Every structure is written in C-alpha cells, then in structure tokens.
Amino acid sequence: MQHVESVKCTEENSAKQSPPLQETQTRYRKHFPPATYAHHPNYPIPIRDLPPTISQLLANLSRTTPPKAITDKPHLDLLYFQPFLPSSLARDLFRFLRSELPFYRVKYTIRRGPAETSIVTPRFTTVFGVDDTSIFIPDPNSKIPDETNATATSSLILADSKTRIPLPASDKKYHQRPRPIPPCLDLLRRAVESSTDDGTKYNFVLVNYYATGDDSITYHSDDERFLGSNPNIASISLGGKRDFLLKHKPPTGSDADGIEGMKPLKFPLDSGDMMVMRGETQSNWLHSVPKRKGGQGVLGRINITFRRAVVPGGTNNYYLYNVGDGGIFRWKEDEGRMIAAEKPVET
Ligand SMILES: O=C(O)CCC(=O)C(=O)O
Ligand SMILES: [Fe+2]
C-alpha cells in the first residue's frame, strides 16, 4: 500500500474555504502532489517515489551530447557520457537520493593468515536488487489492491526466475533478504539501459555516498565471477566533482610493452556524468576515487553503479559489503550530515 503524506488543511482554513482557495489548492496539488512512498518488508524505511518534476524529465531524457568511446589503450573499453543528465536534473536527483535513501557505514574484518584487520568502509553505501536466478513478482496471494499501480513494491515477493515459483521463507539461498530496486532508482535504470543501447539488463543498483573529500574507494576491479565474463557496469556521478582514476593491472609476459610506465588515466567526473565500463576493462584495469583535499569534495558526491549479477553469490556479496549488519544513516538537512538513525523500539 502506498503511504500518502496528505497536504494539511487547518480548521481555520477549511471553515473559510472559498472557490478561489479550492482552485489554488487544486493547482498547488498538481504542481506539488503529496509525496508517495514505496514500501517493502525488506526495506528498513519506506522509500519515497520521485516527484513528477524529476520523474518526467528522467522518462523523457533527450541526448544532446553523444557519448565518447574511449578505446585507445590496451584492453580499455569505456563509454563516457559527459553529461548523461542535465545539471539541474542531476542536482535535484542528488538532493533527493541523499535525503531519501537509507545508507550504511559497513564494518567488516579481513583475515590474512593469523591476523585479523577491522575495516570501516570509507564511504556510505546502500544496495538494491537480486541476481538472475531470482525475480521479484507480485504476490499472487496479496490482499493489497494495488496491482494497477506501476510503482507498487509492497506486494513483491522473491521467486525462482525460471519457474516463477515463490522461494519458501525457509530458503537458505540468501544470507540477507534482497530488496527490490525502488521506483526512484528503477526509472534511472531504465534511462541508462535505453541510452547505452547495448542490450544489457541490469539487476543491481549500488549507491555510494562520499560525504567529504576524506571518503574514497581504493584501486580495485569489479571482475568478480558472479558478474560473468566481461561485465558492463554503468556508473553515474551526482553532486561534487571527484577524480576517477584508472590504471592497467600489472602486465603479464609479452603484454608488458606499452603498459609498464603508463600513467593512470584521470577523469574528473562531474555531476550528471556517466562512465560505462565495458568488455575487458574490469579484467585488465583497476579504478579508484582517491581522497581529495579541497575542491568539491566537501559538497558530497553520490555514485550509482548498475550491474548484472548472474548467481546468488553476487547477491550475498553485495548485501554483505553494502548493507552489512549495522543500523541505517539518514541525511539530516539542518545539520548538513548523515546521522545514525535510531533503531525502532521493539514492542
Ligand atoms: O564512485 C565511483 O565513481 C566508483 C565506485 C566504484 O568503483 C564501485 O562502487 O565499485
Ligand atoms: Fe568499482
């Protein structure tokens, strides 16, 4: 069911209500309709739907600047949209997602031989989606009369993607309960899929929030086996500009010529830009967003990556490292920072 924040009308107002006032209210509601929210039992909070001012622009994106293919280095295949979203839309989407998504600051330990090291992920993260072996379908037994509502997530249940038979509650395939991609990010997924036009259907959305220039991601590649071979990853930047660096993995044997001594590539990704990493890029290159002193780091930056996981290992890995087992953080506008949300009191 959709939760609706109704526009409040004071008693004094309604007593004096005259046709012109009613007209004004109707016009107001058309421009600023009450917020609606996507609910799902696996969401920690209801997730707001995009206001029409944003969703209409996203649904009707027109391409002014064609993307640039960057393939002039060994094994590199990038498609750079500069920009993918116009700056005012990128700004509104940044503010919306920062305010409305639940974020996590994931802690985990890594073991190297006998030594255990505790890591706190140096950025806020959140994730939605499920790998190819499962699918979210409307619960056939649901009593919720919202089947006609395209944004209805509340009655979605997990089923086997081949047989469409619901996964029993006792199923042990997933360590954490997967979350359907909320409508506000699903619209973006569709815009990405239609602009890249390479047939990739993404089933995961990972969101990073770099709150300050001290937040970062170290050099890594996203070539996990659970993404299949040569995965395409589409990566959108919103908010403060940050450098995105790419360097070739250490070359092996005869490949060394022309790779050793190559300087890292640097792309100063701006709000609204999209970088699609394709083909052999993940298996041959590492990428990072280093810490940054000064510049636009203080503005905060959201990065959204769309990926396609093909086996349950992908789902388990993504929820482990982007949700973890801690509480959520919410953006607090008046303090201008993320605050750990209090756990609901259990009754
Ligand atoms: O923030 C970015 O641009 C990159 C994020 C990234 O590489 C990742 O989440 O794997
Ligand atoms: Fe990455």
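With which residues is Asp223 in contact, leaving aside its neighbours within four places in sequence? In this predicted model, local features need pLDDT of at least 70 and side-chain atom pairs count only at pLDDT 80 or more, whereas totals for chains, interfaces and linings use all residues. Residues are numbered from 1 along each chain as its sequence is written, and chains are lettered from A and ligands numbered from 1 in the order in which they are written.

Apart from those neighbours, Asp223 is in contact with Gln282 and Ser283 (contact: C-beta atoms, placed from the backbone, within 7 Å). Asp223 lies in the loop between strands E12 (217-220) and E13; helices (H or I, at least four residues) and strands (E, at least two) are DSSP runs, numbered from the N terminus. Asp223 counts as partly exposed because it has 19 C-beta neighbours inside 10 Å (buried: 20 or more other C-beta atoms within 10 Å of its own; exposed: 12 or fewer; partly exposed: in between; C-beta atoms are placed from the backbone). An unreviewed UniProt entry annotates Asp223 as "binding site"; such annotations may be inferred rather than shown by experiment.

In helix H4, the buried residues are Ala90, Leu93, Phe94, Leu97 and Arg98. These residues line one face of the helix, because they fall within an arc of 125 degrees seen down its axis (the arc is that of the directions from the helix axis to the C-beta atoms). On the other side of H4, Ser88 and Ser99 are exposed. The cover over the buried residues of H4 includes helix H3 (52-59) and strands E11, E13 (233-239), E18 and E19 (329-332).

Notes
Two residues are in contact if their C-beta atoms, placed from the backbone, lie within 7 Å.
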